[in-house]
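Please examine the sequence and the structure shown below before reading on.

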Amino acid sequence: MTVPMAAWMLYRRMGWRNTSEMAALMAIPVIPFLCLVWFDVTESAQCGPYCAVTIVGMLALMLYRRREYSSG
């Protein structure tokens, strides 16, 4: 999901900084969930909580940089 999102953001001229920040917010939260699997705490990667954390992080970034992410 990160690659198409980054391509779309660059196509929409969001810039490399905004694109890399958003891509990091999609990639970094997976690490703790994978650690739960690696250390046998859970049997699956917990996609639901991962998606929730990712969405909250992206919304927080968009609110923090409201001027850059709002139109007009």
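Is Phe-39 buried or exposed? Phe-39 is exposed, with a relative accessible area of 63%; here buried means under 20% relative accessible area, exposed over 50%, and partly exposed in between, with a 1.4 Å probe and protein chains only. The model is a predicted one, in which local features need pLDDT of at least 70 and side-chain atom pairs count only at pLDDT 80 or more, while totals for chains, interfaces and linings use all residues. Residues are numbered from 1 along each chain as its sequence is written, and side-chain values use heavy atoms, with hydrogens and water left out.

Phe-39 is placed in the loop between helix H3 (30-38) and H4. Helices are DSSP runs (H or I, at least four residues), numbered from the N terminus. Together with Trp-38 and Val-41, Phe-39 makes a nonpolar surface patch of about 420 Å². Such patches are made of residues with over 30% relative accessible area and no salt bridge, nonpolar side chains (Val, Leu, Ile, Met, Phe, Trp, Tyr) being joined within 5 Å and like charges within 9 Å; the accessible areas come from the Shrake-Rupley method with a 1.4 Å probe, and for residues only the protein chains shown count as cover.

Met-5, Ala-6 and Met-9 are buried in H1. They cover an arc of only 100 degrees around the axis, which puts them on the same side of H1; the arc is that of the directions from the helix axis to the C-beta atoms. On the other side of H1, Val-3, Pro-4, Trp-8 and Tyr-11 are exposed, Tyr-11 with a relative accessible area of 59%. Tyr-11 and Val-41 are 30 residues apart in sequence and 40 Å apart in space, C-alpha to C-alpha. After H1 comes Arg-13, whose phi is positive, near 60 degrees.

The cover over the buried residues of H1 includes H2 and helix H5 (66-69). Within H2, Thr-19 is buried, with a relative accessible area of 3%. Apart from its neighbours within four places in sequence, Thr-19 is in contact (heavy atoms within 4.5 Å) with Ala-6, Met-9, Leu-10 and Met-14.

The interior can now be considered as a whole. In soluble globular proteins, nonpolar side chains tend to be buried together. The largest nonpolar core here has 7 residues: Met-5, Met-9, Met-22, Ala-23, Met-26, Met-58 and Leu-61. A core of this kind is a set of buried Ala, Val, Leu, Ile, Met, Phe, Trp, Tyr and Cys residues joined through side-chain atoms within 4.5 Å. Helices H1 (2-11), H2 (16-27) and H4 (47-64) are the elements that give two or more residues to this core, and the largest share, 3 residues, comes from H2. Met-58 is in contact with Met-22, Leu-25 and Met-26, its neighbours within four places in sequence left aside.

The whole structure has 2 salt bridges, each a side-chain nitrogen of Lys or Arg within 4 Å of a carboxyl oxygen of Asp or Glu. Glu-68 and Arg-17 meet in a salt bridge at 2.8 Å, N to O. Glu-68 lies in helix H5 and Arg-17 in helix H2, so this pair ties together parts that are 51 residues apart in sequence. Glu-21 and Arg-65 meet in a salt bridge at 2.9 Å, N to O. Because Glu-21 lies in helix H2 and Arg-65 in the loop between H4 and H5, this pair ties together parts that are 44 residues apart in sequence.
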